[in-house]
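Student: Hi, could you walk me through this one? I'd like to start with the strands.
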Amino acid sequence: MSVTLHHRTESPRHVSVDMTTTLGSLVVPDPVFTASGCAAAGQELAAFNDLTAIGGVVTKSIQLHPRAGRATPRMAETPSGMLNSIGLQGPGIDVFVKRDLAWLDEHGVTAVVSIAGQTIEDFSKIAGKLRAKPVAMVEVNISCPNVEDRGQVFACNAGSAAAVIQAVRRSAPAGVPVFAKLSPDVTDIVAIAKACVDAGATGLTLINTTLGMAIDTTTMRPILAGVTGGLSGPAIRPLALRCVWQVHQALPDIPIVGVGGIRTGLDALEFILAGASAVQVGTVIFNDPGAPARISRELREAIAERGMDRLEQAIGLGHRPPEEIIPELPDPPGDDLVGEPVDIVEFTAVDSGDGQPAADEGYDDESAGEGSSEEVPFDIEALEDYPSRDQDA
Amino acid sequence: MAVQVKGEVLTLKPVGEYFSMTVVAPGIAEQTRPGQFVAVSVGGQGGGMLLRRAFSIYSVRETGVYGGTVEFIFSVTGRGTAWLAAQRPYDPIDIVGPLGRPFALPREPANCVLVGGGYGSAPLFLLADALRTRGCRIDAVLGASTGDRLFGALDAKRMAASVAFTTDDGSYGEKGRVSDVLPEVIERVHADVVYACGPMAMLEAVQRVAGASYGGAGIPTQLSVEESMACGVGVCMTCVLPVVGGDDHTRMVRSCVDGPVFAGERIRWDALGTVPDDAIGADNK
Ligand SMILES: Cc1cc2nc3c(=O)[nH]c(=O)nc-3n(C[C@H](O)[C@H](O)[C@H](O)COP(=O)(O)OP(=O)(O)OC[C@H]3O[C@@H](n4cnc5c(N)ncnc54)[C@H](O)[C@@H]3O)c2cc1C
Ligand SMILES: Cc1cc2nc3c(=O)[nH]c(=O)nc-3n(C[C@H](O)[C@H](O)[C@H](O)COP(=O)(O)O)c2cc1C
Ligand code: FES
């Protein structure tokens, strides 16, 4: 049976769309999050976004001990994207919990804590330190080298990926969703996704950066001190979208957080239609520090324009055969045919092509819902200190 | 607090080898302090250049017919600055600022030497205004590779008790580097502090001279560094350099929020571009 989504007569701005989304046991009123490593621990972005109005902040991947990161240059701009080789610089979990997590909690911001480690034991210890802390979700960054396995990246091997997730699930605070963040640099992302889910992951964050490099043709040397770096930004959006699509197709009941090059509300909608329940905004924050709040607003409008009143109606919709859903698209400017009903009758008998009869889903069905200081003092003798917020261990 | 403003180009004019751009950007001017910078979006909305370009704030006007304006000086060095140079009055421009830690100012009137290299002299003029208000004496040293690349020579003569110019090719002022004439200036004016902005190599030389002045007693410096930045607002960790803190520990510090102005003696000049082994967290590879 087909579903018609009725076009709203009110302007989309005034339509209330329920943007609630569900990520395992976590229910948030908005599906837009910041991506790990692109928002620090939120504080700096508060000047440009109401962080309580978006889904939440995913903090920079935190390790057990303070880490200084890699040498500079750490970044290179590339077409519609950038390469980074930061090397997970950070203060270590103890300072993070005391300072950054406390700040997020105090300001009512939903905190998703991204964790990283070099051994399975590292991951397990870090996750354990989050018990009884104001953490809404744990995201496991498995795109790091496993020192116990010749530096092989955890995310590139189903066995190591699963072992990390299992260890984190055991020691992480009970009831808090654990998401595995996968690398696209694998032959079969679905196989890694399945291994993580079998090991206890609540859901999956797709994707981390993909490895790339750039050479300075003047010095004739690699631009990044680390030689290679992670490529991100709109340049990788099609790759990220493909990963979300494939994994949602294989694991339709597992919540996915889509990330990679999202710049506008329509970009975010693509990920939702591919099967993501939520999205993260990363590199585009560098271009537009107000992007998370803007994208959240634009996504809400885009959903309203498509005649839906709940975000959850749109999740995975792209996988349905075209004849099942004929939303009335936004009116093209100056089109006289405003409100013309679309004739859908001839499509109703067509099955969905996978041998199953077209699903009889009512899109209004409630059950679809599962799933710096005033004046710088200057003493000629005593100069100021530079205790960077990020490293004061 | 920094603001993001969808502003508009008011004027764009060539100044020697550089361009000066004035942008109508209400909210930035009112908050600007000397040494702060703006991060400008280049390439137009939806374009392929994602990263903002950082420019020191040269001048601001809080009010006027157009509302607050911000002026910066830039050199065309790549695609982003070439795009900026092709903008015209009324073109939209997205600008974030004011960003970064400003120059620290003396509490008491002091003798201040201001050193600028190339477009690095741009932020020194707002600084000079603030210093003058505090009754400070100002002397300046401006240097560049060529005379065309000296910025603000005329202004400098107006604001400072004395100005020394140097160019690498001798096309203007003395042939040589700012650090060649700086020792003499420091001693002659009984300088209490040196402020500088310019290329890293120049800043390092300025620090060496200031540190060795008065028979090795040295005087404090406030140096504005230029590190490659991706976000400009403190969230990405690309713009770091090794800096010694008050506890004598070296940390990789973000130059966009903890700088761009640093006390020169705190910068680990020996280790620029690297993570020194004694930095906090350097053992955790
Ligand atoms: C705090 C600060 C203040 C600055 N003030 C001025 C100023 O007043 N006038 C001026 O002309 N320039 C200034 N610069 C340098 C200016 O930001 C670069 O020249 C500019 O970003 C080059 O952009 P592009 O697209 O032309 O070059 P490209 O080489 O195409 O840029 C590619 C990428 O590298 C970065 N990049 C390249 N060169 C530099 C550089 N020297 N410093 C930092 N990032 C760089 C760009 O931001 C961009 O992300 C300042 C830099 C900083 C960090
Ligand atoms: C500068 C930078 C730092 C990053 N740091 C992390 C990190 O610490 N942990 C992590 O899981 N992902 C990190 N990422 C990856 C992003 O979270 C995101 O997965 C990726 O960049 C793709 O999304 P985007 O195109 O929206 O940036 C980083 C990305 C960038 C650009
Ligand atoms: S430029 Fe991003 S932290 Fe400084």
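Tutor: Happy to! First a term: two strands pair if DSSP finds at least two bridges between them. Helices (H or I, at least four residues) and strands (E, at least two) are DSSP runs, numbered from the N terminus. This is a predicted model, where local features need pLDDT of at least 70, side-chain atom pairs count only at pLDDT 80 or more, and totals for chains, interfaces and linings use all residues. Residues are numbered from 1 along each chain as its sequence is written, while chains are lettered from A and ligands numbered from 1 in the order in which they are written.

Student: Okay, what is the bridge partner of Phe179(A) in E13(A)?
Tutor: That is Gly203(A). E12(A) and E13(A), residues 203-206, are parallel and share four bridges.

Student: And which residue stands opposite Ala180(A)?
Tutor: Val140(A) does. Strand E9(A), residues 137-141, is joined to E12(A) by four bridges, again in parallel.

Student: What do E12(A), helix H4 and E13(A) make together?
Tutor: A right-handed β-α-β unit, with H4 of chain A covering residues 189-198. Right-handed means that, with the strands pointing away from the viewer, the path from the first strand over the helix to the second runs clockwise.

Student: Is E12(A) buried or exposed?
Tutor: Five of the five residues in E12(A), 178-182, are buried, so the strand is largely enclosed by the rest of the structure. Buried means 20 or more other C-beta atoms within 10 Å of the residue's own, with C-beta atoms placed from the backbone. Val178(A), Ala180(A) and Leu182(A) cover one side, and Phe179(A) and Lys181(A) the other.

Student: Switching topic: what does Cys196(A) touch?
Tutor: Leaving out residues up to four places away in sequence, its contacts are Ala161(A), Ala162(A), Ile165(A), Ala180(A), Ala201(A) and Leu204(A). Contact means C-beta atoms, placed from the backbone, within 7 Å.

Student: How many residues of chain A are in contact with chain B?
Tutor: 47, and they meet 50 residues of chain B. Chain A's side has 25 nonpolar, 14 polar and eight charged residues. Here Ala, Val, Leu, Ile, Met, Phe, Trp, Tyr, Cys and Pro count as nonpolar, Asp, Glu, Lys and Arg as charged, and the others, Gly among them, as polar.

Student: Last one: why is the site of ligand 2 shared between chains?
Tutor: Because residues from both A and B surround ligand 2. The shell has 27 residues, with Gly37(A) and Ser61(A) among the closest. A residue counts as near if its C-beta atom, placed from the backbone, lies within 6 Å of the ligand.

Terms used:
A residue is buried if 20 or more other C-beta atoms lie within 10 Å of its own, exposed if 12 or fewer, and partly exposed in between; C-beta atoms are placed from the backbone. Two residues are in contact if their C-beta atoms, placed from the backbone, lie within 7 Å.
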